[in-house]
Amino acid sequence: MSYLLLRIPRLLVLTGLAALGSPVPGLAQVMEGRLAVQVSDPSGGAIPALVRLAGRSPEFVATVTADETGQAVLKRLRPGQYRLTVSHAGFEDLSRRVEIRSAVPQSVQVVLEVGTPHEELTVEDSAPLLDPLQPSKAMQVGRMNLNRTPGTTLGRSTIDVVTTLPGWLLEANAVLHPRGSEYDTQYVIDGMPLYDNRSIAFAPAFENDEFEAVNVLTAGIPAEYGRRLGGVIALDTRRAERRGHHTALDLQAGGYGTWFGSMSHQFAADRTSVSLGLQAGTTDRYLDPPSIENFTNRASAGGVNARLAHDLSPRDQLTAYLRYNRTGFLVPNDLEQQAAGQRQDRRMGEMAGQIHYQRTISPRTLGSIRGMIRDLSSELWSNPLATPVHVQQDRGFREAAVVGDVTVDHHRHTLKFGGDVRINDIREAFLLSAPGELSRPDLDFQDERRSTETGLFVQDQIRLGNFATTLGVRFDTYSLLVEDTAVSPRAAVSYYVPKAEIQLFASYDRIFQPPPMENLLLSSGAPALEIDAVEGNLAVPASRAHFFEIGLRKTVANVLRIDLNHYWRTFRNYIDDDVFLNTGVSFPITFDTARIEGTEVRLELPRWRRVSSYLSYSNMLGRATSPVTGGLFIEGGEAEELRDVVERFPISQDQRNTVATRFLFDLHRRVWLGIGVRYGSGLPVELADDDDDDEGEDEEEGEAPDSGADEEHFIAPEILARVNFERARVRPNFSLDFSVGARIWEAEAQSVSVQFDVRNLTDRLNVINFNGLFSGTALAPGRLATVRLKMRF
């Protein structure tokens, strides 16, 4: 790590000279916009007016009072269209639309006329619901909706929000799959991309309480974004918008022995804002267990985060962000392992620091540079009674990254160019023994390697009347066990039809995806250790893909928004995963090709009178084709069977129909009610000599399996009944959810609220995976009731 620290100043200089670079507001809606409002009377005198900015995509309101010079500055705004309202006693209110196009600061001059104030404008009446000049649009969930999300078990609050959006499938152990992709989710924290596997079994989880908004994009991805692009999840840390000190305390208790608590404190002054956060929790149901009894599934987690933002001058801003999170949990046993007395522990820790400097070079030009240092570790160990093997693992990486960009914003163009450098020191240690032979391990593996990734991009967003387009190209290099380079063009176009209130759009993304780093050294080095069960390996190559999408967005009376799209994706060296010798440790493999296509619908009623609601629907069909082109081959394993065979089969995430909907109704100014539904038609099951039903109809009938089969010997009949063996698919899953909330006390900015939630109200047994392709059996939670207390002061 010391080597990386020594190289950071040099990397900063080199990247800054090439082109200052950061992930962009235009794609993932990073909150970097800044609006200065100057308020005066007709004679030019300053007015300390109340300035209010409102948006509906997502629902957002920011209020600030102008100072004695009449200036008010609204910071950390997402790109989009807003309604600006300025009011002061003795003057007429002024309301106008403003557009934040990029991180380049904008200013507005407002003159209030003497007169009687108008009736207050509401968000519903005035804020636009659709941005007609944004060819690629991120789905967003803002702070107001995050406050009302149903309670869940530890580590799943942010993941649960993402799965309410179309195109996202949740597999066992909270693994997210964007449009059928494996290992292809990119998280972005305040503009800094993270490319490692963020599922809760691999890294400490993110929780909603730390963030202001969750933004998701799966198509029309600008060229500044590279590597993991099946789907991008951008998380914006909390805003400190009100002057002075403010504290929020959230407590949750619920079923499965779950409790969670978080505290955040914010301070804001003219030029400085500070945010501090603490969180901790425990649960008796962390991963998705293979048995109904939910054996050995306890977890505890805790973390701290801090953010400092300071205006060095009117043209220079500096931001620092630190976070530390740690999670420890038990790996759930199946019936056989529980009978043997097995115990497996895992522990994960992550420490990260980010720094961001930006300078307004001219009224239309902004330069930005970011740096990050991060350390992540993951440990696994077993007791002597572990079966079928005894495993110990210690892996992790230390990462240094620099990204930078320059943005030039004109009336019809927003030009950006930049680059990034990322270095990872990866380490892996793995010990495997047969039960009763712990002193004589069959495998003792240790290795350390360094990966280097660089990227350059240029892109331009063009606006001509009702037509808009984003054009760009990206160049990437990658070096670890293999070396590769790629040029990736990107294009997104849209046309807005004002009379019909319809925006038509289309996009193309060329994707270059390096191999995942998790357990990559182990899978590449194991054959050299001459283990009998290992039949060899092939270097895991980079994956390449073409993403296409067409669709439309429409608003109805500026109240309802409809999003409809159809997409298709073709892959070369499609990435999936396999399990190492029945250990539960997974490693990446690649199939020759894959094709995934689907249709998605999103209906959203952000807030109309007392009602808000959404409906998300996804239909997807995914097929991969062997042979296996990269990975480890184990005797009797699926990858070995498909090594030299050309065969077409459903991808493990091939769930044909997925639905998520929720309806919220304000019974009273302080009381609300929510009802939600989740539905999935079921994932495929890999059975010997059994073909999948290509039609994929959601049938409930199916023949019972042969109860004498070895793999079913320790599986409960209730689980077997939830599998359609005739169709080789898990039967459909369904969850009915209920919520009610009330604000029981409030005084100005202080309040106390309570929320009660019940997930899976009918206590239905939902099977996520059943010994599927490269997967084991996993069960979704049963009925889960939670109570949350929220205090603001």
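Q: Where does valine 162 lie?
A: Valine 162 is placed in helix α5, which covers residues 157-162. Helices (H or I, at least four residues) and strands (E, at least two) are DSSP runs numbered from the N terminus. The model is predicted, with local features requiring pLDDT of at least 70 and side-chain atom pairs pLDDT 80 or more, while totals for chains, interfaces and linings use all residues. Residues are numbered from 1 along each chain as its sequence is written, and side-chain values use heavy atoms, leaving out hydrogens and water.

Q: Why is valine 162 called buried?
A: Its relative accessible area is 1%. Buried means under 20%, exposed over 50%, and partly exposed in between (1.4 Å probe, protein chains only), so valine 162 counts as buried.

Q: Which residues are in contact with valine 162 beyond its neighbours within four places in sequence?
A: Valine 162 is in contact with Trp168, Leu176, Val214, Val216 and Ile233, where contact means heavy atoms within 4.5 Å.

Q: Why does serine 382 count as buried?
A: Serine 382 has 10% relative accessibility, and therefore counts as buried. It is placed in strand β21 (residues 365-382). Not counting residues up to four places away in sequence, serine 382 touches Arg343, Gln344, His390 and Val391.

Q: Why does threonine 786 count as buried, and what does it touch?
A: The relative accessibility of threonine 786 is 1%, so the residue counts as buried. Threonine 786 is in strand β42 (residues 784-792). Not counting residues up to four places away in sequence, it touches several residues, including Gly151, Gln252, Phe756 and Asp757.

Q: How many aromatic pairs does a search of the whole structure find?
A: The search finds ten aromatic pairs. Rings of Phe, Tyr and Trp (its six-membered ring) pair if their centres lie within 6.5 Å; planes under 30 degrees apart count as stacked, over 60 as edge-to-face and the rest as tilted.

Q: Why is the pair of tyrosine 508 and phenylalanine 548 called tilted?
A: The ring centres of tyrosine 508 and phenylalanine 548 are 5.1 Å apart and the planes stand at 45 degrees, so the pair is tilted. The pair links distant parts of the chain, with tyrosine 508 in strand β27 (residues 502-513) and phenylalanine 548 in strand β29 (residues 543-556), 40 residues apart. Tyrosine 508, at 21% relative accessibility, counts as partly exposed; phenylalanine 548, at 29%, is partly exposed.

Q: What makes the pair of phenylalanine 591 and phenylalanine 649 edge-to-face?
A: The angle between the planes of phenylalanine 591 and phenylalanine 649 is 70 degrees, with 5.0 Å centre to centre, and the pair is edge-to-face. Phenylalanine 591 lies in strand β31 (residues 586-608) and phenylalanine 649 in strand β33 (residues 648-650), so the pair ties together parts 58 residues apart in sequence. Both phenylalanine 591 and phenylalanine 649 are buried.

Q: How do you know that arginine 643 lies over the face of phenylalanine 633?
A: Arginine 643 is 4.2 Å from the ring centre of phenylalanine 633 and lies over its face. A charge sits over a ring if NZ of Lys or CZ of Arg is within 6 Å of the ring centre and within 35 degrees of the ring normal. Arginine 285 lies over the face of tyrosine 256, at 5.7 Å from the ring centre.
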